[in-house]
Amino acid sequence: MTKREEQEIKKQKKLEAELQRLDAMRIYEREYASCGIVCGIDEVGRGPLAGPVVAGAVILPADCQILYLNDSKKLTPRRRELLYDEIMEKAVSVGLGVVSQERIDEINILQATYEAMREAVVKLDPAPDVLLNDAVTIPDLPQRQVPIIKGDAKSLSIAAASVVAKVTRDRMMEALDEKYPGYFFASNKGYGSAANIAALKELGPCPLHRRSFLRNFCGDERDRRNGKA
């Protein structure tokens with residue numbers, strides 16, 4: 001057997017393993033297919049100190065095949081971008097919900113997350129009958145809901161929603177980095193990295209920061225000094 005033939009065999013085995021993994025991630029979609037249109041939902045941005053929380057809702061065709069689709073946290077930025085384009089091309093429908101940092105401060109991050117998820121679901125056309133959620137049950141929605149622990153790694157639809165939400169929010173934070181220089185939002189996306197915390201202590205919060213998240217990082221005195229109290 002030549003080296004090229006060995007490489008082809010390894011490549012084929014790798015592809016077969018990936019197809020088996022994707023098939024296993026359709027277990028919930030198959031289980032609830034008889035109940036109507038199935039949608040996956042996930043959010044990104046509950047933990048950052050700055051920026052919005054973003055939710056994605058995705059309806060995939062029953063026979064949809066998107067190689068290497070997985071929990072967005074397990075993917076490289078380049079892979080997420082490629083998958084985002086493929087999801088947007090192949091999905092039956094995609095809905096996005098975005099809730100600002102001001103709204104997060106007003107109603108708290110959990111309620112803001114639910115609000116973003118509801119907004120994403122309402123934007124879907126056709127409307128789904130079953131919602132596959134990453135761990136949560138969303139209040140005030142009429143559809144049947146199936147909360148799945150670590151759902152973004154177990155459901156193809158939730159994984160797709162996690163990728164769409166992640167890429168959308170990352171692009172927003174990269175664009176906002178130009179508006180609010182010095183906080184490194186393009187690289188840290190508003191999370192509490194060492195650079196972001198150092199900038200907070202040096203510059204104080206900017207309008208993009210979630211004030212309810214900052215009590216341990218900068219005090220009221222800095223806010224008053226910058227006229228942002």
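User: What makes Gly56 and Ile158 contacts of Ile41?
Analyst: Contact means heavy atoms within 4.5 Å. Leaving aside neighbours within four places in sequence, Ile41 meets that criterion with Gly56 and Ile158, and also with Ala57, Met117, Val121, Leu131, Leu132, Asn133, Asp134, Ile138 and Ala161. The model is predicted: local features need pLDDT of at least 70, side-chain atom pairs count only at pLDDT 80 or more, and totals for chains, interfaces and linings use all residues. Side-chain values use heavy atoms, without hydrogens and water, and residues are numbered from 1 along each chain as its sequence is written.

User: Why is the set of 21 residues called a nonpolar core?
Analyst: A nonpolar core is a set of buried (under 20% relative accessible area, 1.4 Å probe, protein chains only) Ala, Val, Leu, Ile, Met, Phe, Trp, Tyr and Cys residues joined through side-chain atoms within 4.5 Å. The largest such set has 21 residues, and those with the most contacts inside it are Cys39, Ile41, Val53, Ala57 and Ile138. H5 (109–122) is among the elements that give it two or more residues, and its 7 residues are the largest share.

User: How do you know that E1 is mostly covered?
Analyst: 7 of the 7 residues in E1 are buried. Val38, Gly40, Asp42 and Val44 point one way and Cys39, Ile41 and Glu43 the other.

User: What makes E1 and E2 a pair?
Analyst: Two strands (DSSP runs of E, at least two residues, numbered from the N terminus) pair if DSSP finds at least two bridges between them. E1 and E2 have 5 bridges, in the antiparallel sense, so they pair.

Definitions and conventions. Buried means under 20% relative accessible area, exposed over 50%, partly exposed in between (1.4 Å probe, protein chains only). Helices (H or I, at least four residues) and strands (E, at least two) are DSSP runs, numbered from the N terminus.
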